[in-house]
There are 4 protein chains.
Amino acid sequence: MEYQNILEEIHATLKNVPEKGTVASYIPELEKVNINRFGLYLLMLNKEEHGTGDFDIPFSIQSISKVLSLAKALHFTGADLWKRVDVEPSGNPFNFLALLELEKGIPRNPFINAGAIVVSDILLSYFSDPKKDFLNYVRELAEDDSINYNEAVARSEKATGFRNAAAANLLKSFGNIHNKVENVLDFYFYQCSLSMTCRQLARTFYMFANSGKNASGKVFLTPSQAKRINAVMLTCGFYDEAGEFAFEVGLPGKSGVGGGIVAVHPEKYCISTWSPGLNEKGNSLLGMQALEVFTTRTGLSIF
Amino acid sequence: MEYQNILEEIHATLKNVPEKGTVASYIPELEKVNINRFGLYLLMLNKEEHGTGDFDIPFSIQSISKVLSLAKALHFTGADLWKRVDVEPSGNPFNFLALLELEKGIPRNPFINAGAIVVSDILLSYFSDPKKDFLNYVRELAEDDSINYNEAVARSEKATGFRNAAAANLLKSFGNIHNKVENVLDFYFYQCSLSMTCRQLARTFYMFANSGKNASGKVFLTPSQAKRINAVMLTCGFYDEAGEFAFEVGLPGKSGVGGGIVAVHPEKYCISTWSPGLNEKGNSLLGMQALEVFTTRTGLSIF
Amino acid sequence: MEYQNILEEIHATLKNVPEKGTVASYIPELEKVNINRFGLYLLMLNKEEHGTGDFDIPFSIQSISKVLSLAKALHFTGADLWKRVDVEPSGNPFNFLALLELEKGIPRNPFINAGAIVVSDILLSYFSDPKKDFLNYVRELAEDDSINYNEAVARSEKATGFRNAAAANLLKSFGNIHNKVENVLDFYFYQCSLSMTCRQLARTFYMFANSGKNASGKVFLTPSQAKRINAVMLTCGFYDEAGEFAFEVGLPGKSGVGGGIVAVHPEKYCISTWSPGLNEKGNSLLGMQALEVFTTRTGLSIF
Amino acid sequence: MEYQNILEEIHATLKNVPEKGTVASYIPELEKVNINRFGLYLLMLNKEEHGTGDFDIPFSIQSISKVLSLAKALHFTGADLWKRVDVEPSGNPFNFLALLELEKGIPRNPFINAGAIVVSDILLSYFSDPKKDFLNYVRELAEDDSINYNEAVARSEKATGFRNAAAANLLKSFGNIHNKVENVLDFYFYQCSLSMTCRQLARTFYMFANSGKNASGKVFLTPSQAKRINAVMLTCGFYDEAGEFAFEVGLPGKSGVGGGIVAVHPEKYCISTWSPGLNEKGNSLLGMQALEVFTTRTGLSIF
């Protein structure tokens, strides 16, 4: 099988490189992950699937969850959402709150923390039992009820999340948080604590490659909404390295500090990787390299 | 009496100008103040005193309290305080949190909110009953037990103080807040809610003109500490208008959004004004004009 | 013919909208253009072509030329170019020089002015007769010797280009300009003064849709270089509106203040528009709308 | 003589400290100065004078000249000058051009380079033979015709002054330079190249301690203008260390990267120091220490 071979070759080549980056250490739960974990998983639009390495071991998806919150909030509000969050790259790693002030509390995009906190606030206004409802939404997307939060991670994030509390309070001062700050933060930290395997991640994101329908054809987004979220992933999905990822890999995608990356080629496939070592920009070092080799070898980038 | 005449002329001239600025409106308690209130009060080092207008009506001193917190904290910690707060003008009105990030959680000076919050955190670590102890300190300075907090103001600030909560959380993320964020903020809002008359204010600040001793000669600061706080008032006492105040008035001083200003001429006098209308930089419009005329008429500036 | 019909419908609908934006006025040569000019041109990979409106009237391509300079410089230097210019979106419209200082003279990407000035400096080091050689390069790409500079535009830009002179001097202070500042600026202003029609523009950019080969199959870039320039166009091609263009249109593209836009769908087509009225971000108002309708109607976006 | 003794003790104590800072190296002429040079000079209002060490050896006064340009320009224009330059501390060492952009080409104060360049532009509009006229002005202030420019320094500054050229072009783009950019820069670099001894420096600045009159009583500024320049020196005279200097020394003053500092106590004295080693903020290390000891020992600060 060709794709299977490519994945296995990538895995074999990269798993032995000495430079694997650094595991995120700001909360103990992330730090104790084995840096040698490395999984790759490919799900074609025709549901053909290929995996290699640790693709069935769950990890903390962290910021990858921001795409799912955005999808659900966009489903609830339609284009009104874009009045409260913009779609421009942030391009400003050095002072995450400065732009928020300059731009009067409208976060630059839904994938910086400030933007994801606004999205959480929106979900809080629509859900009746937010944590449960959001989990059910994700399980439905993936068609997998074993997906769950990691409560230890959620608690740990909350105990140290002062920068997020700073952002949430600043948003509140501009009127761009409607619920109570502590409730929004609590819900936000839970979303980030979702655990998934590479396989589950690819299944969950299948809908972005498939015009808004999951693998069973159930509609979660309109084709236009799916296309637009893909555009935002491409321009804003990798912190201050979004340009680099577009340049090297050429796919819409999203990374998390747990070491996961998921990327989609609209109408073609969804691919996920997990390697916990991060580069200095906070993206999985081997994951980015694996995806670069994959799109170069297969020619399957959008550019 | 010459000084009395000068104060009365200034009062008579300015009280009828049509442009009085705008009363602070971010909390209801401040907004309901009569914009025509106008008081001036002068206390010479020899305790000769002169007042005109509403100099015996209490108002919310707001940020003026930051000088008193600083004095007490400096008394407790000595020069160690300056490891946690710098003494440079902020010069950056547009993004109050940006500099804090760039400078790793060390506020530019003790009179921007972030700096005053760190000072509150220091006091919290030394006081056994912070609100009571701080009030007693101020009463002792002024030798006046009728000075008090305005609890409605404190509650109101707290209910809307999201920007301060943002700053406090950001400071905490850098390790520059040692106590619990909510306790620090609660104490900080109380300090800002102090009510004083012009007369009480001048008596409280007498020590800065008198090398650290209050009107009865009791020592609260070393001469060197008093001198240094005066230097910080001169360079940082008027938000983004510190240079303007030094330029126009030529005295160390501090303003508050309640419309009060207090200024000192070391070894000579202490002067206070109250007019609730603010200019666009947040400083009392008539107060600044009154002090400019006063130092021009008397020649009593430090330059 | 279906595409022809779509173009004509778009043209017919939009040409009568009352809100057409504002013609760039910073130099007289741009200001005197008729705001009602409106052209659309589509060139498929199989060379099938469709045009409507003013697609054969030349206009000043301005910043669109930055893509062509980049292509030539990348051809000369290979990946070394990326040591002197980054590929991240700028996301910072308010202070174009601030990021340059913070990032030690490495412009965020080759499409902000500072980045394009560095690219001009590179070309200056390789060309023997820069203005002539660059023009020949463009003519070869388009296979059209009638393309030319507009010298009045070039002179006008030079006479008023103080911000670009500021950027060039700042770059020089960081050692990221190797030639004389005035020579670099002179060459840079000439490039921006290129005049083309929509048809010529689409032919020139054909190579970006065709893996680096122009319509006659002549190789100007490697497939990988073409793909990477497309990625940079997508993330950085529209000033502070790159995210918006990716979101609304979903194609790599580049705009200029002359009112032109060109966009490519790799392996499928190249499309160009011209309408001189700009939106408040400096991109052609009708041009962006036309492209949005086109990709929505045809479904031909990359997402 | 008491003051003489104090100066000599300070000189004796500090001249042997091992840590002397770093000599400015951005142009060869500054770098070749002997780091062990150290002079102190005190001129009382009654013209009593005291000097110790290298107080009669000339050095490059560099930015100290900005105060003299300001004085002359203020004499020419009166308060209109403040429409083109503000009086607020810059407080923003990290991006000298960012604030200029944000504030639409109005430099924060006349002592940052951008502000001094605007002041040079003003002088250029008034002087008939700018370099000669400015030199005559300084000689008249000091009553000393031996003061001169150092042409090698001026040429060297010009050859490497790309950051100043960036600032000047940015100012020009905002319309805040009226003459040709190259003429303004040429004149600006000459002013900075003035050579003086500590003794000459103190005599030149005598007028700021003496309400605008030089040692022979000739009037160069009104008392109000002198007072205001003192206020600006206090708040803005030491780059990003103005607060620190006010805090430690407590006098209006100005430093230059040649290692000179001059400070005044209005109505009392003028003091100058020279030690070429700079601290990391660009101010003379021993000079600042010497002045701190002097004001502490004598109690002669303005606070």
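Tutor: Contact here means heavy atoms within 4.5 Å. By that criterion chain A and chain D do not touch, and their nearest C-alpha atoms are 11 Å apart. Chain B and chain C likewise do not touch, with nearest C-alpha atoms 11 Å apart. The model is a predicted one, in which local features need pLDDT of at least 70 and side-chain atom pairs count only at pLDDT 80 or more, while totals for chains, interfaces and linings use all residues. Residues are numbered from 1 along each chain as its sequence is written, chains are lettered from A and ligands numbered from 1 in the order in which they are written, and side-chain values use heavy atoms, with hydrogens and water left out.

The contact between chain A and chain C draws 36 residues from chain A and 36 residues from chain C. The size of an interface is often given as the accessible area lost when the parts come together. Chain A and chain C bury about 2,900 Å² between them, and carbon and sulfur atoms carry 62% of this; buried area is the accessible area (1.4 Å probe) that two parts lose on being put together, summed over both. Within chain A, the residues that lose the most area to chain C are K227(A), F247(A) and F303(A), together 27% of what that side buries.

As for the chain itself, chain A has 13 helices and ten strands, counted as DSSP runs numbered from the N terminus (helices H or I, at least four residues; strands E, at least two). The C-alpha atoms of chain A fill a box of roughly 55 × 40 × 35 Å along the principal axes. Buried residues (under 20% relative accessible area, 1.4 Å probe, protein chains only) make up 66% of the 303 residues in chain A. Among contacts in chain A with a separation of 6 or more, 69% join residues 24 or more positions apart.

Methods:
Buried < 20%, exposed > 50% of the residue type's maximum accessible area, 1.4 Å probe, protein only.
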